Amino acid sequence: MKKGIYTVAENRLIARDVYEMRLAGEDPGFTAPGQFLNIKLEGFFLRRPISVSDWDETGATVIYKVLGAGTETMTALPVGTELDVLTGLGSGYDETKSGKRPLLIGGGVGVPPMVRLCRDLLAQGKDPTVLLGFGNAGDIFCAGEFLTMGARTLVYTADGSAGRQGLITDGIGELEGYTYFYACGPTAMLKAADAVLRSDGQYSLEERMGCGFGACMGCTIQTRNGPRRVCKDGPVFSREEVLW
Ligand SMILES: Cc1cc2nc3c(=O)[nH]c(=O)nc-3n(C[C@H](O)[C@H](O)[C@H](O)COP(=O)(O)OP(=O)(O)OC[C@H]3O[C@@H](n4cnc5c(N)ncnc54)[C@H](O)[C@@H]3O)c2cc1C
Ligand code: FES
């Protein structure tokens with residue numbers, strides 16, 4: 001974990017209620033996609049945890065959806081705002097397990113961690129398929145980025161207003177030959193996906209967080225290996241560990 005002051009370098013709307021924010025500053029110290037940062041906002045006691053979608057030695061990028069007062073406040077932060085941010089948090093996806101043809105599954109705000117994961121896997125010579133699920137056409141973001149990277153990208157919308165009509169689970173059911181999976185999204189989606197996935201893989205789980213770095217136990221969940229803290233032992237857990 002690192003603590004730093006980061007400057008908002010970009011904060012723009014990229015889909016309905018979804019913003020991309022670039023935080024410029026020191027090296028955030030991330031080591032794997034699926035890790036997250038925790039932003040302190042003026043007037044809020046608890047920090048807001050957000051997955052890192054990409055990073056380099058000059059800062060990090062996050063993609064967030066407006067859910068409540070904290071994320072609403074974030075939308076109004078102008079370029080130049082300085083923020084107190086904890087970075088390099090949690091354990092991310094293990095890329096060494098991917099095999100040749102990994103499947104990347106992102107639902108809604110579960111899509112951001114897949115951006116860096118996909119880039120890394122392509123750089124390693126892997127052949128990823130990216131499966132994205134959204135409510136409707138106005139909710140879609142990042143699909144073009146995956147296509148530009150050269151990844152096979154399938155978009156599903158619940159109402160059929162863009163891409164293929166259906167749920168992400170429909171897409172999983174139609175795919176064969178993937179060697180491993182990496183998934184992130186709402187718990188209900190992950191649980192439904194688990195019923196149709198046919199390989200080993202890893203899930204990124206979400207839990208309400210207090211400290212975000214393993215000290216308060218507030219994010220503890222039960223797993224097959226006993227109680228685990230989502231913020232420190234996760235948020236990424238292997239398929240065999242997760243109890244739905
Ligand atoms: C590891 C992790 C990664 C995440 N990555 C992303 C991301 O990439 N993009 C994104 O849009 N959202 C992400 N979230 C969810 C994000 O943290 C919440 O949407 C946000 O904290 C809501 O804050 P709020 O003040 O707008 O909402 P409020 O509901 O007003 O928040 C009240 C309190 O509940 C907490 N809280 C509310 N919802 C969640 C939630 N789903 N998970 C954890 N804490 C929550 C808040 O942090 C705050 O302490 C992530 C959550 C976790 C745990
Ligand atoms: S949020 Fe404090 S231990 Fe996880």
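Two strands count as paired if DSSP finds at least two bridges between them. Helices (H or I, at least four residues) and strands (E, at least two) are themselves DSSP runs, numbered from the N terminus. With that in hand, E13 and E14 can be called a hairpin, with two residues between them. These two strands pair in the antiparallel sense over four bridges, and threonine 223 has glycine 226 in E14 as its bridge partner.

A quick word on the ground rules. This is a predicted model, in which local features need pLDDT of at least 70 and side-chain atom pairs count only at pLDDT 80 or more, while totals for chains, interfaces and linings use all residues. Residues are numbered from 1 along each chain as its sequence is written, and chains are lettered from A and ligands numbered from 1 in the order in which they are written.

On to the overall layout. The protein chain is assigned domain 1 (2-89) and domain 2 (95-204); such bounds come from an automatic or database domain assignment. The centres of the two domains, taken over C-alpha atoms, are separated by 23 Å. Where the domains touch, 13 residues come from domain 1 and 13 residues from domain 2, with contact meaning that the C-beta atoms of two residues, placed from the backbone, lie within 7 Å. On the domain 1 side, strand E1 (2-15), strand E4 (48-56) and strand E5 (59-65) each supply at least two residues. That side is made up of seven nonpolar, three polar and three charged residues. Here Ala, Val, Leu, Ile, Met, Phe, Trp, Tyr, Cys and Pro count as nonpolar, Asp, Glu, Lys and Arg as charged, and the others, Gly among them, as polar.

Next comes the barrel. Six strands close into it in the order E1-E2-E5-E4-E3-E6, with antiparallel pairing. On average, neighbouring strands of this sheet are turned by 45 degrees against each other, direction ignored. The loop between E1 and E2 holds aspartate 17. Aspartate 17 has a positive phi of about 60 degrees although it is not a glycine. For comparison, most residues other than glycine have a negative phi, and most peptide bonds are trans. Aspartate 17 counts as partly exposed because 15 other C-beta atoms lie within 10 Å; the cut-offs are 20 or more such neighbours for buried, 12 or fewer for exposed, and anything in between for partly exposed, with C-beta atoms placed from the backbone.

Ligand 1 is surrounded by 22 residues, and the closest are Ser51, Tyr64, Gly68, Gly70 and Thr71. A residue is near a molecule if its C-beta atom, placed from the backbone, lies within 6 Å of it. E4, E5 and helix H1 (69-75) are the elements that give two or more residues to this shell. By class, the shell has 13 nonpolar, four polar and five charged residues.

There is also an open sheet. Seven strands form it in the order E10-E9-E8-E7-E11-E12-E15, with mixed pairing. Strand E10 (164-165) and strand E15 (236-238) are its edge strands, each pairing on one side only. Strand E11 (residues 180-184) and strand E12 (residues 201-204) run parallel and are joined by four bridges, with cysteine 184 standing opposite serine 204 in E12. Helix H2 (residues 112-123) lies across strand E7 (102-107), strand E8 (129-134), E11 and E12, running at about 165 degrees to E7. H2 also lies across E4 and E5, running at about 25 degrees to E4. For these angles, axes are lines fitted to C-alpha atoms, for helices over the stretch in contact, and values run from 0 to 180 degrees between N-to-C directions.

Arginine 101, in the loop between strand E6 (82-89) and E7, is in contact with Asp127, Thr129, Gly177, Tyr178 and Thr179, leaving aside its neighbours within four places in sequence. Arginine 101 and glycine 177 are 76 residues apart in sequence and 7.4 Å apart in space, C-alpha to C-alpha. Methionine 217 lies in the loop between E12 and strand E13 (220-223) and has a positive phi near 70 degrees. Methionine 217 is exposed, because 12 other C-beta atoms lie within 10 Å. Finally, glycine 234 and proline 235 are joined by a cis peptide bond, with omega about 15 degrees; proline 235 sits in the loop between strand E14 (226-229) and E15.
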